[in-house]
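Let's take a friendly walk through a protein model and see how its parts meet. Have the sequence and the 3D view ready.

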Amino acid sequence: MAAADFRAKAHDALGNRELRANFRRAMDGLMSKRAMLFADRTEWTALRALGAAVRARSLLRLPELLEQLETRLRDNGIQVHWAETVDDGNAIFKDILSRHGARRVVKGKSMVSEEMGLNHALEAEGIEVIEADLGEYIIQLDHETPSHIIMPAIHKNKQQIARLFSQKIKDAEYTEDVDRLTDLARRVLRRKFAAADAGISGVNAAVAETGTLVLVENEGNGRMCTTVPRLHIAVMGLEKVVERLEEVPPILSLLTRSATGQVITTYVNMISGPRKPGEKDGPEEVHLVILDNGRSRIYADPELRNTLRCIRCGACMNHCPVYTRVGGHSYPGVYPGPIGKILTPQILGLETTGDLPHASSLCNACVEVCPVEIPIASLLVRLRSEGAGKTPHGGAPVKGAGSRRKSQEDWVWRAWALVFRMPLLNRLSNFALTRFGWALPSDSPLLREWMTVRSRPRFARRSLHELVRREGIPHE
Amino acid sequence: MTHAQASGRPRTVYFFGTCIVDLFYPGAGLAGIKLLQSAGVEVVFPDGQSCCGQPAYNSGYLDQARAVAWAQIKLFAKDYPVVVPSGSCAGMMKTHYPGLFRGRPEQAEVEDFVARVYELTQFLVDVLDLELDDLGPPVKVTWHPSCHSMREMGVADQPKRLLHQLSKVELVELPRERECCGFGGTFSVRQPEISAAMVTDKIGAIAGTGADLVLSGDCGCLMNIGGAIEKAGGHARPLHIAEFLWERTHGRR
Ligand code: SF4
């Protein structure tokens, strides 16, 4: 998807009143829920620092921890597969499923699987994939992609879902009653769980010391996907590892409070292996697919590496004034909002997504709420630099670095630096602008954009420098 | 807070006017200087100053930003606090200068400078404990806190504490006051439609307060919000808090 699409899609979204109202309402709700749970500033500051430290430490020792994780998982009877690209990942899935002759699959929410386009890949093989998370189920019925990483169907309101269900679910009556809608989906899904040959799930954290896969959810669909079918395949990005089990509670606490304003989710699944002899339930085989897809490259740069701290809580998008207005479908790639603006260009490359880092007012609302202290605004600036081909000394260039470079822009900033570095030049330019700035043409492209909803800025008649001199203020 | 307070009430401060105040809102700069002077502080305005470097920094042109930043820092070499009538420019200095110069020979000097930077209302309240006497007529105002003042400079309720001292000023809370007005420098022209949607919502909220004035500590926001109000034919007049405080307390209209 090209970056030009972002502006075009944002344009459409901005003009869609229903969509904007849906997002505004939902984001307002999520923000206030989160705020209530982090009302104690001292606790928030301490917990957040701990979360950031856990994630930073895990990344510092990433290769070593991944090795340890693989060993422990194998000890536990979980089979580990490494996928460098999304194609590799999909091929691994197809291979495992075909070995088991699996034709019907139920799937819990997983953004990494979205990143891989897993559903498409499996459906192309004739495998039926049913999304079992309610939000994912809704958008699957409507052939859409998630508009939010935690609440994939957040762009839809109750009435839209009611219409969708009555059209797409057999024998479903039209109802706007949320409980009855949920019940409808539940009835369909129950049958699917019972008939499924395999379950697919994501992973919220993988513990290196114990070989445990941690998965949180609210609907029980994750538990069903990972325990009912004979085969369970989990998938995660390689950054999800943490070292110790005791590091999981603070991460989960930050995750659920930031994401949905919950102290804890209804289900916390700790998966540590397939069914053992004598046990009554659980899958006979458990696999974990670990996806790279550009993450090693991100890892190679000490600054950009901070992107990988992300625990996918979605708080940055919930608080983003841009996301709230353009919605999740305007963004290229699968991760919308601030995290998408820093992650997607690094995965897909700046050639096609180099405009994304510029689609931010750098208001820092995301930085303020990110539970693992990712310096999102600084990373946006870094990616802007990368686009212009200015990788800092000692840094590893982002995919597509320099592809957005415009020599005209280079010259503008060089001239700018000269004027603002040289007091004499600055004085001259101030003089010119205050006296003759009014004569600048209003139809220059930038001024035109500015003036669509604003009046033309007016230069003062005398600069502050001049006023200071006139007033006799010491100006050494 | 440490620097100026450790040495008690400073006798002299530097004033960093910022480029946008210099060219578009010099009255705000002058009012800031006068407020400081009226509190008994001597103000020095280094003549060679220009811009904090933020425009280039935000565009990803860090070399140019660094060169301009360094040109400023050298002009503010004495041990005085540096007072800035903008949360955004002060925030640029406080939050981004250290990173720009990390591992470079200038690092120590830069850190010394950064430790002395204050946003104007922070300095007036936290350091000078300024007391105000309201001389103006009754007026209804609303306050727009800038993103960078809150999130980079850590300005909290200082501006409101100043406004609350003014007996005839009614301060109406702006709904969603913490949400960005959509300026963001080049963002406003690189993503003009999103920026327009943001500022349109913002001026709608301002109109809803019924305020006669919308005050802020950042002229970038004021240019954005004020320009949008003017184009839409709205009522509220945009004004920098320094100018407002000076007008109210010294009766100059
Ligand atoms: S970047 Fe931070 S706030 Fe955004 S999803 Fe990741 S952890 Fe959450």
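At 18% relative accessibility, does Glu466(A) count as buried or exposed? Glu466(A) counts as buried, because 18% falls under the 20% cut-off for relative accessible area. Please keep in mind that this is a predicted model.

**Salt bridges**

Glu466(A) has a charged partner: its side chain meets that of Arg435(A) in a salt bridge, at 2.7 Å from N to O. Arg435(A) lies in helix α21 (residues 423-436) of chain A and Glu466(A) in helix α23 (residues 464-471) of chain A, so this pair ties together parts that are 31 residues apart in sequence.

How many salt bridges does a search of the whole structure find over all chains? The search finds 45. Here are a few of them to look up in the viewer.

| Salt bridge | Closest N to O distance |
|---|---|
| Arg312(A) and Glu239(A) | 3.3 Å |
| Arg244(A) and Glu246(A) | 3.4 Å |

The bridge between Arg312(A) and Glu239(A) links distant parts of the chain, 73 residues apart. Arg312(A) sits in the loop between α13 (295-299) and α14 (315-318) of chain A, and Glu239(A) in the loop between β7 (231-237) and β8 (241-242) of chain A. Both Arg312(A) and Glu239(A) are buried. Now look at the bridge of Arg244(A) with Glu246(A): Arg244(A) counts as partly exposed at 27% relative accessibility, while Glu246(A) counts as exposed at 57%.

**Where the two chains meet**

In the contact between the chains, 72 residues of chain B touch 67 residues of chain A. About 6,200 Å² is buried between them, and carbon and sulfur atoms give 59% of that area. On the side of chain B, Leu23(B), Tyr61(B) and Arg190(B) lose the most area to chain A, together 12% of what that side buries.

Helix α12 (residues 192-209) of chain B gives the most to the side of chain B that touches chain A, with nine residues. Sorted by class, that side has 36 nonpolar, 21 polar and 15 charged residues.

**Aromatic rings**

The structure holds 18 aromatic pairs over all chains. In one of them, Tyr323(A) and Tyr331(A) form a tilted pair, 6.2 Å centre to centre with 35° between the planes. Tyr323(A) and Tyr331(A) are both buried.

Why is the pair of Phe76(B) and Phe113(B) edge-to-face? The planes of the two rings are at 70°, which is over the 60 degrees needed, so the pair counts as edge-to-face. Phe76(B) and Phe113(B) are both buried, and ring pairs join them into a cluster whose members include Trp70(B) and Tyr97(B).

**Two buried residues in helices of chain A**

Asn90(A) belongs to helix α5 (residues 86-99) of chain A and is buried, with a relative accessible area of 6%. Its side chain reaches the backbone oxygen of Met116(A) at 2.9 Å.

Val248(A) belongs to helix α12 (residues 248-260) of chain A and is buried, with a relative accessible area of 5%. Beyond its neighbours within four places in sequence, Val248(A) is in contact with Val207(A), Val214(A) and Val242(A).

Terms used:
Residues are numbered from 1 along each chain as its sequence is written. Chains are lettered from A and ligands numbered from 1 in the order in which they are written. This is a predicted model: local features need pLDDT of at least 70, side-chain atom pairs count only at pLDDT 80 or more; totals for chains, interfaces and linings use all residues. Side-chain values use heavy atoms; hydrogens and water are left out. Helices (H or I, at least four residues) and strands (E, at least two) are DSSP runs, numbered from the N terminus. Buried means under 20% relative accessible area, exposed over 50%, partly exposed in between (1.4 Å probe, protein chains only). Contact means heavy atoms within 4.5 Å. Buried area is the accessible area (1.4 Å probe) that two parts lose on being put together, summed over both. Ala, Val, Leu, Ile, Met, Phe, Trp, Tyr, Cys and Pro count as nonpolar, Asp, Glu, Lys and Arg as charged, and the others, Gly among them, as polar. A polar contact is a pair of N or O atoms within 3.5 Å; within protein, one must be able to donate a hydrogen and the other to accept it, and residues adjacent in sequence count only if both atoms are side-chain atoms. Rings of Phe, Tyr and Trp (its six-membered ring) pair if their centres lie within 6.5 Å; planes under 30 degrees apart count as stacked, over 60 as edge-to-face and the rest as tilted. A salt bridge is a side-chain nitrogen of Lys or Arg within 4 Å of a carboxyl oxygen of Asp or Glu.
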